[in-house]
Amino acid sequence: MTGIPKTLVEHTSTGPRRFLIAGWVGLVLAAAVPMFATAATLDEIKARGTLKVVTEDAFPPYEFITNGKPDGFHKDVIDELRNYAPFAIDQEQLPWTGLLAAVTAGKYDAAITGAGVTEERLAKFNYAPPISVNVTYYITRKGDDRIGGLKDLSGLKVGVQAGSAVLASLAQLEVKLKAMGGSLGEVVEYQSYPEVYADLANGRLDYAVNSVINAATMVAKRSDTFALGEATSGLGFIAWPVKKGNEELLEYLAGFVRHLHTTGKLAELQTKWFGKSFPDLPQESIKSVEQFRSLTGG
(Lines give C-alpha, C1' and ligand atoms only; values in the text may rest on other atoms or scores of the structure.)
Protein backbone atom coordinates (compact mmCIF):
# COMPACT_ATOMS: atom_id res chain seq x y z
CA MET A 1 0.00 0.00 0.00
CA THR A 2 1.41 3.41 -0.97
CA GLY A 3 0.53 7.05 -1.01
CA ILE A 4 -0.30 7.79 2.65
CA PRO A 5 0.01 11.58 3.02
CA LYS A 6 2.55 12.84 5.54
CA THR A 7 0.93 16.14 6.54
CA LEU A 8 -0.78 16.31 9.94
CA VAL A 9 -2.99 19.31 10.68
CA GLU A 10 -3.83 21.14 13.88
CA HIS A 11 -6.44 19.71 16.28
CA THR A 12 -9.68 21.64 16.93
CA SER A 13 -13.09 20.63 18.27
CA THR A 14 -16.81 21.42 18.27
CA GLY A 15 -19.98 19.41 17.58
CA PRO A 16 -21.12 18.00 14.20
CA ARG A 17 -24.71 17.51 13.08
CA ARG A 18 -25.71 13.86 12.80
CA PHE A 19 -28.18 12.03 10.57
CA LEU A 20 -28.48 8.32 11.47
CA ILE A 21 -28.87 5.54 8.89
CA ALA A 22 -27.57 2.42 10.57
CA GLY A 23 -27.00 3.19 14.24
CA TRP A 24 -30.00 1.06 15.20
CA VAL A 25 -27.93 -1.97 14.24
CA GLY A 26 -25.60 -1.26 17.16
CA LEU A 27 -28.54 -1.07 19.54
CA VAL A 28 -29.81 -4.44 18.38
CA LEU A 29 -26.38 -6.03 18.76
CA ALA A 30 -25.86 -4.44 22.16
CA ALA A 31 -29.23 -5.75 23.33
CA ALA A 32 -28.13 -9.25 22.36
CA VAL A 33 -25.17 -9.10 24.78
CA PRO A 34 -25.96 -10.71 28.16
CA MET A 35 -26.22 -7.86 30.66
CA PHE A 36 -24.81 -10.00 33.46
CA ALA A 37 -21.49 -10.50 31.65
CA THR A 38 -18.39 -8.74 32.96
CA ALA A 39 -14.97 -8.41 31.37
CA ALA A 40 -12.54 -10.81 33.00
CA THR A 41 -9.56 -9.67 35.03
CA LEU A 42 -6.10 -10.85 34.03
CA ASP A 43 -6.13 -13.44 36.85
CA GLU A 44 -9.49 -14.74 35.65
CA ILE A 45 -8.22 -14.90 32.07
CA LYS A 46 -5.20 -16.92 33.20
CA ALA A 47 -7.42 -19.22 35.27
CA ARG A 48 -9.83 -19.98 32.42
CA GLY A 49 -6.99 -20.09 29.90
CA THR A 50 -8.58 -17.77 27.30
CA LEU A 51 -8.52 -14.06 26.43
CA LYS A 52 -11.68 -13.07 24.54
CA VAL A 53 -11.12 -10.31 22.00
CA VAL A 54 -13.28 -8.77 19.31
CA THR A 55 -12.27 -7.23 15.97
CA GLU A 56 -14.25 -5.28 13.39
CA ASP A 57 -15.15 -7.14 10.20
CA ALA A 58 -14.76 -4.49 7.47
CA PHE A 59 -12.07 -1.84 8.04
CA PRO A 60 -9.16 -2.65 5.70
CA PRO A 61 -6.20 -2.71 6.01
CA TYR A 62 -6.63 -2.99 9.79
CA GLU A 63 -9.12 -5.85 9.58
CA PHE A 64 -11.38 -7.54 7.06
CA ILE A 65 -12.57 -11.02 6.13
CA THR A 66 -11.12 -13.17 3.35
CA ASN A 67 -12.86 -16.45 2.50
CA GLY A 68 -14.67 -16.34 5.83
CA LYS A 69 -11.51 -15.86 7.91
CA PRO A 70 -9.90 -12.84 9.62
CA ASP A 71 -7.35 -10.96 7.54
CA GLY A 72 -5.35 -7.73 7.70
CA PHE A 73 -3.01 -5.99 10.11
CA HIS A 74 -4.80 -7.17 13.24
CA LYS A 75 -4.94 -10.76 12.06
CA ASP A 76 -1.13 -10.69 12.01
CA VAL A 77 -1.01 -8.89 15.37
CA ILE A 78 -3.25 -11.48 17.00
CA ASP A 79 -1.05 -14.24 15.58
CA GLU A 80 1.84 -12.54 17.42
CA LEU A 81 -0.26 -12.30 20.58
CA ARG A 82 -0.95 -16.04 20.42
CA ASN A 83 2.79 -16.64 20.42
CA TYR A 84 3.34 -14.14 23.25
CA ALA A 85 0.54 -15.03 25.64
CA PRO A 86 0.49 -18.04 28.03
CA PHE A 87 -3.24 -18.45 27.33
CA ALA A 88 -5.40 -18.97 24.24
CA ILE A 89 -6.77 -16.03 22.25
CA ASP A 90 -10.42 -16.34 21.26
CA GLN A 91 -11.14 -13.82 18.48
CA GLU A 92 -14.54 -12.93 17.05
CA GLN A 93 -15.44 -10.33 14.42
CA LEU A 94 -18.44 -7.97 14.58
CA PRO A 95 -19.77 -4.98 12.65
CA TRP A 96 -18.41 -1.79 14.18
CA THR A 97 -21.79 -0.50 15.35
CA GLY A 98 -22.11 -3.25 17.97
CA LEU A 99 -18.47 -3.81 18.86
CA LEU A 100 -17.75 -1.34 21.65
CA ALA A 101 -21.12 -1.99 23.27
CA ALA A 102 -20.18 -5.67 23.48
CA VAL A 103 -16.90 -4.79 25.24
CA THR A 104 -18.69 -2.42 27.61
CA ALA A 105 -21.19 -5.15 28.50
CA GLY A 106 -18.37 -7.63 29.17
CA LYS A 107 -18.94 -10.12 26.37
CA TYR A 108 -15.32 -9.53 25.34
CA ASP A 109 -12.31 -8.60 27.45
CA ALA A 110 -10.87 -6.12 24.93
CA ALA A 111 -11.20 -4.91 21.35
CA ILE A 112 -8.09 -5.54 19.28
CA THR A 113 -9.27 -3.50 16.35
CA GLY A 114 -8.79 -0.23 14.48
CA ALA A 115 -10.49 1.92 17.11
CA GLY A 116 -9.76 5.64 17.21
CA VAL A 117 -9.11 7.24 20.58
CA THR A 118 -11.73 9.92 21.32
CA GLU A 119 -12.43 12.10 24.32
CA GLU A 120 -15.97 10.71 24.54
CA ARG A 121 -14.76 7.10 24.61
CA LEU A 122 -12.24 7.85 27.34
CA ALA A 123 -15.19 8.12 29.73
CA LYS A 124 -15.71 4.34 29.42
CA PHE A 125 -12.42 2.95 28.14
CA ASN A 126 -8.69 3.13 28.65
CA TYR A 127 -6.49 2.42 25.66
CA ALA A 128 -3.38 0.31 25.24
CA PRO A 129 -0.47 2.20 23.62
CA PRO A 130 -1.34 3.27 20.04
CA ILE A 131 -0.50 1.04 17.09
CA SER A 132 -1.09 3.71 14.42
CA VAL A 133 -1.78 7.38 13.85
CA ASN A 134 -5.32 8.51 13.07
CA VAL A 135 -5.76 11.55 10.85
CA THR A 136 -8.91 11.85 8.75
CA TYR A 137 -9.00 12.80 5.06
CA TYR A 138 -11.83 13.44 2.66
CA ILE A 139 -12.44 11.25 -0.38
CA THR A 140 -14.22 12.31 -3.58
CA ARG A 141 -15.33 10.70 -6.81
CA LYS A 142 -12.55 10.94 -9.35
CA GLY A 143 -13.12 13.84 -11.71
CA ASP A 144 -15.57 15.70 -9.46
CA ASP A 145 -14.33 19.19 -10.34
CA ARG A 146 -16.67 20.83 -7.79
CA ILE A 147 -14.21 19.91 -5.02
CA GLY A 148 -10.71 21.30 -5.24
CA GLY A 149 -10.02 21.80 -1.54
CA LEU A 150 -11.53 21.92 1.93
CA LYS A 151 -13.56 25.10 1.32
CA ASP A 152 -15.47 23.38 -1.48
CA LEU A 153 -16.91 20.83 0.97
CA SER A 154 -19.19 23.52 2.43
CA GLY A 155 -22.84 22.44 2.40
CA LEU A 156 -22.15 19.12 0.67
CA LYS A 157 -23.40 15.72 1.84
CA VAL A 158 -20.78 13.58 3.59
CA GLY A 159 -20.83 9.88 4.52
CA VAL A 160 -19.11 8.33 7.55
CA GLN A 161 -19.40 5.20 9.68
CA ALA A 162 -21.90 5.38 12.54
CA GLY A 163 -20.39 5.60 16.02
CA SER A 164 -16.86 5.99 14.69
CA ALA A 165 -14.00 8.26 15.71
CA VAL A 166 -14.28 9.68 12.20
CA LEU A 167 -17.80 10.86 12.99
CA ALA A 168 -16.48 12.63 16.09
CA SER A 169 -13.69 14.19 14.00
CA LEU A 170 -16.22 16.02 11.83
CA ALA A 171 -16.30 18.57 14.64
CA GLN A 172 -12.84 19.66 13.51
CA LEU A 173 -13.91 19.87 9.87
CA GLU A 174 -16.89 21.99 10.89
CA VAL A 175 -14.57 24.48 12.61
CA LYS A 176 -12.34 24.66 9.53
CA LEU A 177 -15.30 25.26 7.22
CA LYS A 178 -16.72 27.98 9.48
CA ALA A 179 -13.35 29.73 9.46
CA MET A 180 -13.57 29.76 5.65
CA GLY A 181 -17.10 31.16 5.71
CA GLY A 182 -18.75 27.82 4.98
CA SER A 183 -20.62 25.15 6.91
CA LEU A 184 -20.77 21.41 7.38
CA GLY A 185 -23.53 19.91 5.23
CA GLU A 186 -25.72 16.86 5.81
CA VAL A 187 -23.95 14.00 7.59
CA VAL A 188 -25.12 10.49 6.69
CA GLU A 189 -24.07 7.56 8.89
CA TYR A 190 -23.62 3.98 7.70
CA GLN A 191 -22.97 0.65 9.36
CA SER A 192 -19.71 0.08 7.47
CA TYR A 193 -17.38 1.85 5.05
CA PRO A 194 -18.06 -0.42 2.06
CA GLU A 195 -21.60 1.04 2.14
CA VAL A 196 -20.21 4.58 2.35
CA TYR A 197 -17.98 4.02 -0.67
CA ALA A 198 -20.81 2.43 -2.67
CA ASP A 199 -23.01 5.51 -2.16
CA LEU A 200 -20.13 7.86 -2.92
CA ALA A 201 -19.48 6.02 -6.19
CA ASN A 202 -23.13 6.15 -7.28
CA GLY A 203 -23.56 9.82 -6.43
CA ARG A 204 -25.75 9.61 -3.33
CA LEU A 205 -22.93 11.29 -1.39
CA ASP A 206 -20.72 14.20 -2.38
CA TYR A 207 -17.74 13.04 -0.37
CA ALA A 208 -16.68 10.68 2.42
CA VAL A 209 -14.32 11.10 5.37
CA ASN A 210 -12.21 8.31 6.80
CA SER A 211 -8.96 7.56 8.61
CA VAL A 212 -6.12 8.27 6.21
CA ILE A 213 -4.68 4.75 6.22
CA ASN A 214 -8.03 3.19 5.36
CA ALA A 215 -8.79 5.94 2.84
CA ALA A 216 -5.41 5.73 1.09
CA THR A 217 -5.63 1.93 0.89
CA MET A 218 -9.05 2.08 -0.71
CA VAL A 219 -8.15 4.87 -3.15
CA ALA A 220 -4.99 3.04 -4.24
CA LYS A 221 -7.10 0.00 -5.13
CA ARG A 222 -9.88 2.00 -6.81
CA SER A 223 -8.04 4.95 -8.32
CA ASP A 224 -10.32 4.81 -11.36
CA THR A 225 -13.29 5.72 -9.14
CA PHE A 226 -12.02 7.74 -6.15
CA ALA A 227 -9.50 10.45 -5.30
CA LEU A 228 -7.92 11.31 -1.95
CA GLY A 229 -8.33 14.89 -0.78
CA GLU A 230 -6.87 16.79 2.18
CA ALA A 231 -6.69 16.29 5.94
CA THR A 232 -9.92 17.17 7.76
CA SER A 233 -8.66 16.63 11.32
CA GLY A 234 -5.58 16.91 13.46
CA LEU A 235 -3.43 14.14 14.91
CA GLY A 236 -5.08 11.23 16.70
CA PHE A 237 -4.33 7.58 17.40
CA ILE A 238 -5.61 4.09 16.72
CA ALA A 239 -5.43 1.94 19.86
CA TRP A 240 -7.18 -0.96 21.61
CA PRO A 241 -9.94 -0.11 24.11
CA VAL A 242 -10.18 -1.91 27.46
CA LYS A 243 -13.06 -1.24 29.86
CA LYS A 244 -12.07 1.18 32.64
CA GLY A 245 -11.13 -0.54 35.88
CA ASN A 246 -9.49 -3.54 34.22
CA GLU A 247 -6.01 -2.17 34.92
CA GLU A 248 -4.06 -5.46 34.95
CA LEU A 249 -5.35 -6.48 31.53
CA LEU A 250 -4.61 -2.99 30.19
CA GLU A 251 -1.04 -3.22 31.44
CA TYR A 252 -0.66 -6.71 29.98
CA LEU A 253 -1.71 -5.47 26.53
CA ALA A 254 0.54 -2.42 26.96
CA GLY A 255 3.44 -4.79 27.62
CA PHE A 256 2.56 -6.70 24.47
CA VAL A 257 2.55 -3.50 22.39
CA ARG A 258 5.94 -2.53 23.83
CA HIS A 259 7.16 -6.04 22.97
CA LEU A 260 6.08 -5.46 19.36
CA HIS A 261 8.02 -2.17 19.36
CA THR A 262 11.16 -3.71 20.88
CA THR A 263 11.27 -6.71 18.55
CA GLY A 264 10.62 -4.56 15.47
CA LYS A 265 7.49 -6.55 14.68
CA LEU A 266 5.20 -3.55 14.94
CA ALA A 267 7.22 -1.57 12.40
CA GLU A 268 7.31 -4.65 10.14
CA LEU A 269 3.54 -5.09 10.20
CA GLN A 270 2.89 -1.35 9.84
CA THR A 271 5.07 -1.29 6.73
CA LYS A 272 3.41 -4.43 5.35
CA TRP A 273 -0.15 -3.17 5.77
CA PHE A 274 0.11 0.64 5.88
CA GLY A 275 3.06 1.29 3.58
CA LYS A 276 5.09 3.01 6.31
CA SER A 277 5.96 2.65 9.98
CA PHE A 278 5.32 5.04 12.88
CA PRO A 279 8.37 4.84 15.17
CA ASP A 280 7.41 7.84 17.33
CA LEU A 281 4.09 6.55 18.66
CA PRO A 282 3.54 6.88 22.43
CA GLN A 283 4.32 3.69 24.33
CA GLU A 284 2.15 4.40 27.36
CA SER A 285 -1.52 3.58 27.77
CA ILE A 286 -3.98 6.46 27.30
CA LYS A 287 -6.32 6.86 30.28
CA SER A 288 -7.58 10.44 30.35
CA VAL A 289 -8.72 13.29 28.15
CA GLU A 290 -5.92 15.48 29.52
CA GLN A 291 -3.29 12.90 28.61
CA PHE A 292 -4.79 12.45 25.14
CA ARG A 293 -4.75 16.19 24.53
CA SER A 294 -1.14 16.46 25.66
CA LEU A 295 -0.13 13.70 23.24
CA THR A 296 -1.98 15.22 20.28
CA GLY A 297 -1.35 18.88 20.96
CA GLY A 298 -5.06 19.46 21.53
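**Close-up views of aromatic pairs and the nonpolar core**

**View 1. Surroundings of Tyr 207 in the predicted model.** Leaving aside residues up to four places away in sequence, Tyr 207 touches Tyr 138, Ile 139, Thr 140, Ile 147, Leu 153, Leu 156, Lys 157, Val 158, Gly 159, Leu 173, Leu 184 and Leu 200.

**View 2. The largest nonpolar core.** This core has 89 residues, and those that touch the most other members are Phe 73, Ile 139, Val 160, Leu 170 and Tyr 207. Helix α8 supplies the largest share of the core, seven residues. In soluble globular proteins, nonpolar side chains tend to be buried together.

**View 3. The pair of Tyr 84 and Tyr 252.** The whole structure contains 14 aromatic pairs. In this one, the ring centres are 5.7 Å apart and the planes are at 55°, so the pair is tilted. Tyr 84 belongs to helix α3 (residues 73-84) and Tyr 252 to helix α8 (residues 247-263), and the pair thus links distant parts of the chain, 168 residues apart. Tyr 84 is partly exposed, with a relative accessible area of 29%. Tyr 252 has 14% relative accessibility and counts as buried, because buried means under 20%.

**View 4. The pair of Tyr 197 and Phe 226.** This aromatic pair is tilted, with 6.0 Å from centre to centre and 50° between the planes. Tyr 197 lies in helix α6 (residues 193-201) and Phe 226 in strand β12 (residues 226-231), distant parts of the chain 29 residues apart. Tyr 197 and Phe 226 are both buried.

**View 5. A cluster of aromatic rings.** Ring pairs join Tyr 197 and Phe 226 with Phe 59, Tyr 62, Phe 73, Tyr 193, Phe 274 and Phe 278.

Definitions and conventions
Residues are numbered from 1 along each chain as its sequence is written. This is a predicted model: local features need pLDDT of at least 70, side-chain atom pairs count only at pLDDT 80 or more; totals for chains, interfaces and linings use all residues. Side-chain values use heavy atoms; hydrogens and water are left out. Rings of Phe, Tyr and Trp (its six-membered ring) pair if their centres lie within 6.5 Å; planes under 30 degrees apart count as stacked, over 60 as edge-to-face and the rest as tilted. Helices (H or I, at least four residues) and strands (E, at least two) are DSSP runs, numbered from the N terminus. Buried means under 20% relative accessible area, exposed over 50%, partly exposed in between (1.4 Å probe, protein chains only). A nonpolar core is a set of buried Ala, Val, Leu, Ile, Met, Phe, Trp, Tyr and Cys residues joined through side-chain atoms within 4.5 Å. Contact means heavy atoms within 4.5 Å.
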